[in-house]
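Grab a pencil and work through these exercises with the model open beside you. Try each task before you read its solution.

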Amino acid sequence: MKRNLVLLGPPGAGKGTVAKRLAAEHGYLHLSTGDVLREEVAAGSELGRRAKSYMDAGELVPDELILAMVRERVAGKSGVLFDGFPRTLAQAQGLEGIAPVEAVIFLELGREEVIRRLSARRVCPRCGALYNLITQPPKEDARCDRCGAGLSQRDDDKPEVISRRFEVYMRDSTPLVDYYRERGILVRVDASRPPEEVYAQVVRALCDDRP
Ligand code: AMP
C-alpha cells in the first residue's frame, strides 16, 4: 500500500510544485489544505466564511476547523500527500488519529528567499498551474503555458502579508521539524536549488528511505 507523506517547509519553498508532480508521476493523492480552503472561500461555504479573515491576514485557520476538514477528506484513504498540513503541533498530534505518516519531506528555505519567491509567485486562476517569475517563468509573458489564461497573484502573496506568513511559520510550524526528526521520519531537502533538482532530491530521498 502506498505510504502517506507530509511536505513541510515555509510558504514558497516549492511544496505545491513538488506535490503536483509527485501526484502526477507517482500516483499520490495530493491534499493541499490551502487549496481546499481557497475553494471553500470561492464557494462561499460556512468553512470558507470562517477561514477567510485568517487567510487574508496571513494567520493560521484554527486547528479544529483544519482537522475536521482533513478528517473528512482522508477517511479510509492511503497514499495521501499532505501539503501545507500539519502546520502546528496540535495538527500533527491530531493527524496521528486520522492517518499514519511514514515520511516527512522538509523543504528548507531561508527568510530572504521566501520573501523573494512569494513576491514573484503567480498562479493560473483557470487550471491552477503554478509559476514563479524568477525560478519558473511562463513562456509567454503573464499567460499560462497550459491553458493560456492570464496569470494572477494570490491575495496573500502581497508584500504586507508575506512577512507575517513567514513569522507565523517560524513560530508555529518549525517545532514540527524536531517533532518528526525525533520520530526518525524527517528527510531534509535543500529547497534553494532549482525546481528540477529539488524534485530529483525528493524522489531520491523517498526511494533511499524505503526499507
Ligand atoms: P497555503 O496555500 O498552504 O500557503 O495556505 C494559505 C493559507 O491558508 C494560510 O496562510 C492559512 O491561512 C491557511 N491554511 C492552509 N493550511 C493550513 C493549516 N494546515 N492550518 C492552518 N491554516 C492553514
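Let's start with a term: a salt bridge is a side-chain nitrogen of Lys or Arg within 4 Å of a carboxyl oxygen of Asp or Glu. The model is a predicted one, where local features need pLDDT of at least 70 and side-chain atom pairs count only at pLDDT 80 or more, while totals for chains, interfaces and linings use all residues. Residues are numbered from 1 along each chain as its sequence is written, and side-chain values use heavy atoms, with hydrogens and water left out.

**Exercise 1. Charged pairs**

Task: Are Arg 165 and Asp 156 buried or exposed? Find the network of salt bridges that they belong to.

Solution: 
- Step 1: Check the contact. The side chains of Arg 165 and Asp 156 form a salt bridge, 3.8 Å from N to O.
- Step 2: Look at the accessibility. Buried means under 20% relative accessible area, exposed means over 50%, and partly exposed is in between (1.4 Å probe, protein chains only). Arg 165 and Asp 156 are both buried.
- Step 3: Follow the links. The network is made up of Arg 121, Arg 154, Asp 156, Asp 157 and Arg 165.
- Step 4: Zoom out. The structure has 21 salt bridges.

**Exercise 2. A link between strands**

Task: Which parts does the salt bridge between Arg 188 and Glu 108 tie together?

Solution: 
- Step 1: Get the distance. It's 3.0 Å from N to O for Arg 188 and Glu 108.
- Step 2: Place the residues. Helices (H or I, at least four residues) and strands (E, at least two) are DSSP runs, numbered from the N terminus. Arg 188 is in strand β7 (residues 186-190) and Glu 108 in strand β4 (residues 103-108), so the pair joins parts 80 residues apart in sequence.
- Step 3: Arg 188 is partly exposed at 46% relative accessible area, and Glu 108 is partly exposed at 32%.

**Exercise 3. The sheet**

Task: In what order do the five strands of the open sheet come, and which strands stand at the edges?

Solution: 
- Step 1: Know the rule. Two strands pair if DSSP finds at least two bridges between them.
- Step 2: Trace the order. It runs β2-β3-β1-β4-β7, with parallel pairing.
- Step 3: Find the edges. β2 (29-32) and β7 each have a single partner strand, so one side of each has no neighbour in the sheet.
- Step 4: Inspect β4. Strand β1 (residues 5-8) pairs with β4 over four bridges, and β4 pairs with β7 over five bridges. Leu 7 is opposite Ile 105 in β4, while Phe 106 is opposite Arg 188 in β7. Five of the six residues of β4 are buried.

**Exercise 4. Rings**

Task: How many aromatic pairs does a search of the whole structure find? Describe two of them.

Solution: 
- Step 1: Set the cut-offs. Rings of Phe, Tyr and Trp (its six-membered ring) pair if their centres lie within 6.5 Å; planes under 30 degrees apart are stacked, over 60 edge-to-face, and the rest tilted.
- Step 2: Count. The search gives three aromatic pairs.
- Step 3: Take Phe 82 and Phe 85. Their pair is tilted, with 5.6 Å centre to centre and 50 degrees between the planes, and both residues are buried.
- Step 4: Take Phe 166 and Tyr 169. Their pair is tilted too, at 6.0 Å and 40 degrees. Both lie in helix α7 (residues 159-173), three residues apart, about one turn of the helix.
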